[in-house]
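Here's a walk through one protein model, from the overall layout down to a few individual residues. Keep the structure open and follow along.

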Amino acid sequence: MPQVDQRMAEQAYNDANRLFVDEDYNAALENYNKAISLNEKNADYFLKRSACHLKLKNFTDALSDANDATKLDPSNAQCYLRKGIACFSLEEFETAKTAFEKGFTIDPSNSSFKTWLRKCEAELQATNASSAPTPAPAPAPTAPASTSTPAPVDPSKIRHEWYQTASDVIVTVFIKNAKKDDVKVRFAEKELDVDVALSVSNYVLDVDLCDEIVPAESSFQILSTKIEIKMKKKVAARWASLESTDATIKVTKWDEASKDDKPTYPSSSKNRKDWDKLAKEVAEEKLEGEEALNKVFKDIFTGGNEDQRRAMMKSFYESGGTVLSTNWDEVGKGKVEGSAPKGMEMHRWDEIYEK
């Protein structure tokens with residue numbers, strides 16, 4: 001293939017990955033189509049387009065792409081995972097089971113295959129049961145217990161956000177009550193692969209990362225409302241984006257001391273959050289009693305002009321800490337006399353020392 005076509009194919013593929021991460025699946029599909037039209041020998045192109053078709057519920061097209069990817073790279077377990085999910089969505093449970101079994105033999109560490117195999121077994125058992133002779137109906141119970149089944153989660157509706165610090169990149173996937181056996185997160189030096197088995201189909205987040213991470217020091221935790229992924233940066237630098245692009249400058253030096261270059265927290269959400277401001281507000285809410293009072297005095301002193309600061313220092317010192325005034329016109333006229341609370345006597349420190 002001519003070198004110029006290869007570059008154009010990679011450009012379209014990278015654009016498609018970026019759009020896929022931003023959950024713009026229709027636009028991503030157009031770019032995957034362009035990449036494949038320029039290079040039909042790359043299994044990753046078909047694999048990613050298959051994932052895109054799954055998001056758009058184009059299950060027949062997803063199966064076709066998974067088959068093409070399998071032919072190009074038969075040792076890639078992800079090809080059989082995509083094929084199995086597409087077949088399962090088309091209710092071809094026997095074919096799906098065969099695909100999952102094949103993928104599991106290639107990558108037995110991937111728990112997603114075990115989850116999907118269990119689902120296939122359950123569906124096949126239900127199918128066999130429905131085809132068996134129907135027994136005579138039993139008397140209905142007088143007071144049947146009411147059960148409620150949770151609504152299936154649509155993978156296309158699941159959102160994610162990300163932000164960064166000098167040392168880490170944090171990705172949050174908002175899936176409620178995810179089970180440990182259904183969640184698979186894989187780290188590579190420049191890749192993040194998230195695969196969550198849901199009741200309808202899988203939620204997939206495959207990202208070619210902007211810069212290198214340290215897989216051994218990266219981790220994730222499953223909470224009641226989300227999955228939080230923490231990736232250790234190999235270099236303490238600011239990422240221009242989560243996913244890799246063809247931009248000339250992908251990372252810049254992280255300078256926390258610079259007030260004009262505060263850390264930003266990119267996100268797939270349309271509404272940006274000022275996390276620094278939010279963290280500061282939360283910290284301030286926790287101040288109580290003397291700490292809260294001292295903060296008020298500190299804010300007044302910091303925001304005051306020269307005369308106000310002079311008045312505060314003079315009044316506080318001369319009154320023995322019982323008066324704090326910002327009015328220099330009044331404080332500057334003479335000595336500020338202290339006053340003790342009701343029922344107590346006023347004594348200066350030097351008087352107590354002399355006694």
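## Overall layout

The protein chain has 12 helices and 9 strands. Helices here are DSSP runs of H or I with at least four residues, strands are runs of E with at least two, and both are numbered from the N terminus. This is a predicted model, where local features need pLDDT of at least 70, side-chain atom pairs count only at pLDDT 80 or more, and totals for chains, interfaces and linings use all residues. Residues are numbered from 1 along each chain as its sequence is written, and side-chain values use heavy atoms, with hydrogens and water left out.

Of the 355 residues in the protein chain, 36% are buried. Buried means under 20% relative accessible area, exposed means over 50%, and partly exposed is in between (1.4 Å probe, protein chains only).

## S50 in helix α3

Find S50 in helix α3, which covers residues 43-55. Is S50 buried or exposed? With a relative accessible area of 0%, S50 counts as buried. A polar atom of the S50 side chain sits 2.9 Å from the backbone oxygen of A62. For reference, a polar contact is a pair of N or O atoms within 3.5 Å; within protein, one must be able to donate a hydrogen and the other to accept it, and residues adjacent in sequence count only if both atoms are side-chain atoms.

Skip the neighbours within four places in sequence, and S50 is in contact with A62, D65, A66 and R82.

## Two cavities

Rolling a probe the size of a water molecule over the atoms shows where empty space is left. On a 1 Å grid over the protein atoms alone, a cavity is a set of points where a 1.4 Å probe fits but cannot get out, a pocket is an open set with protein on both sides within 12 Å along at least five of seven lines, and lining residues have an atom within 4 Å of a point. Grid points are joined across faces, edges and corners, and a volume is the space filled by probe spheres set on the points. That rule gives 2 cavities of 30 Å³ or more.

The largest cavity has a volume of about 50 Å³, and its lining includes L54, F59, D154 and V200. That lining has 4 nonpolar, 3 polar and 3 charged residues. Ala, Val, Leu, Ile, Met, Phe, Trp, Tyr, Cys and Pro count as nonpolar, Asp, Glu, Lys and Arg as charged, and the others, Gly among them, as polar. The second largest cavity comes in at about 40 Å³, with N17, F20, Y32, K48, A51 and D206 around it. The elements giving two or more residues to this second lining are α1 (3-21) and α3. By class, the lining of the second largest cavity has 3 nonpolar, 1 polar and 2 charged residues.

## The second largest pocket

The second largest pocket holds about 320 Å³ of space. It has 20 lining residues, and the closest to its centre are D44, L47, K48, Q78 and E191.

Which element gives the most to the lining of the second largest pocket? That's α3, with 4 residues. Elements that supply at least two residues each include α1, α5, β3 (183-188), β4 (191-197) and β5 (202-208). The lining of this pocket divides into 6 nonpolar, 4 polar and 10 charged residues.

## Two glutamates with positive phi

Most residues other than glycine have a negative phi. E23 isn't a glycine, yet has a positive phi of about 65 degrees. E23 is in the loop between α1 and α2 (25-38) and is partly exposed, at 24% relative accessibility.

E91 also isn't a glycine and has a positive phi of about 65 degrees. You'll find E91 in the loop between α5 (77-89) and α6 (93-106), where E91 is exposed at 61% relative accessibility.

S111 is in helix α7 (residues 111-131). S111 and D182 are 71 residues apart in sequence, but 7.2 Å apart from C-alpha to C-alpha. Leaving out residues up to four places away in sequence, S111 touches D181, V183 and K184.

D181 lies in the loop between β2 (168-173) and β3 and is partly exposed, with a relative accessible area of 48%. Beyond four places in sequence, D181 is in contact with S111, T115 and R118.

Technical notes: Contact = heavy atoms within 4.5 Å.
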